[in-house]
Amino acid sequence: TMPLPPLLAVALVTLTVAMAAAFVFALWCPEADGPARRRWLLLGLGLVAGYLSLSAALAASGTLADVQARPPAAALMLLAFSVATVSLGLSRVGDRLLAWPLAWLVGAQAFRVGVEVWLAAAFDAGVVPAEVTYHGHNLDVATGLTAVGLGLWLWRGTPPRWAVVAWNVLGLALLAGVVATAALSAFGIVPTQPQVLLPVTFPGVWLPAWLVQVALLGHVLVFRALQRTRTFGDSPPPHLR
């Protein structure tokens, strides 16, 4: 497999660490007494450590390397991580994160612009095929760009409910689409030049094992927030402003 050029590797690690820190902060920040906040902080650090260390260990050990196996170990890892992420979003962790206003939950998905810029740079370096970038079949950059506008609209006004629902459904569909495209390439089902092998290498494994999971968790939380509230534009608690 082709190793990531050093600058791309550093950029991916930086983006991963940034989103890990954002996740821990989001769990720690909402008001509670001191011991409770410390418990949330430790839980957040533990969850991040679990996702990142387990996926890194699997990639480094070569466990994920055989993409011809059926089923591929990388596919099983992605499935297991995704089930864990949805479960977290529906758990007390999700309840805690729903203390943040809907505007923030939507706006946080802007990080996907950074992911798509990184993928475009990886394509230019010959690491990934055009199909998984905005040069090809991946339009997920639209989710990140529209997250900024919709987040600001939710913060300043009251967009129609259908607009938020449509954005969340479309964003989830685009996420699923690029994951499926990458998987079909990685496992040799659909030939691409080059083959997508990021999920079986380090630090490339953190793209599906963490950054994709953060995006998935965000969609779960937005669906839950929509279920909970009938109006938008409420002012957030002072500590979240």
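Is Trp-104 buried, partly exposed or exposed? Trp-104 is partly exposed, at 39% relative accessible area. Partly exposed lies between buried (under 20%) and exposed (over 50%), using a 1.4 Å probe and protein chains only.

This is a predicted model, where local features need pLDDT of at least 70, side-chain atom pairs count only at pLDDT 80 or more, and totals for chains, interfaces and linings use all residues. Residues are numbered from 1 along each chain as its sequence is written, and side-chain values use heavy atoms, without hydrogens and water.

**View 1. Phe-25 and Trp-100 form a tilted pair.** Their ring centres are 6.1 Å apart and their planes meet at 50 degrees. Rings of Phe, Tyr and Trp (its six-membered ring) pair if their centres lie within 6.5 Å; planes under 30 degrees apart are stacked, over 60 edge-to-face, the rest tilted. Phe-25 sits in helix 1 (residues 6-28), and Trp-100 in the loop between helix 4 (92-97) and helix 5 (102-107). Helices are DSSP runs (H or I, at least four residues), numbered from the N terminus. The two residues are 75 apart in the chain.

**View 2. Trp-100 also pairs with Trp-104.** This pair is tilted too: 5.2 Å between centres, 45 degrees between planes. Trp-100 is buried, at 10%.

**View 3. Ring pairs build a cluster.** Its members are Phe-25, Trp-28, Trp-100, Trp-104 and Trp-155. The structure holds eight aromatic pairs.
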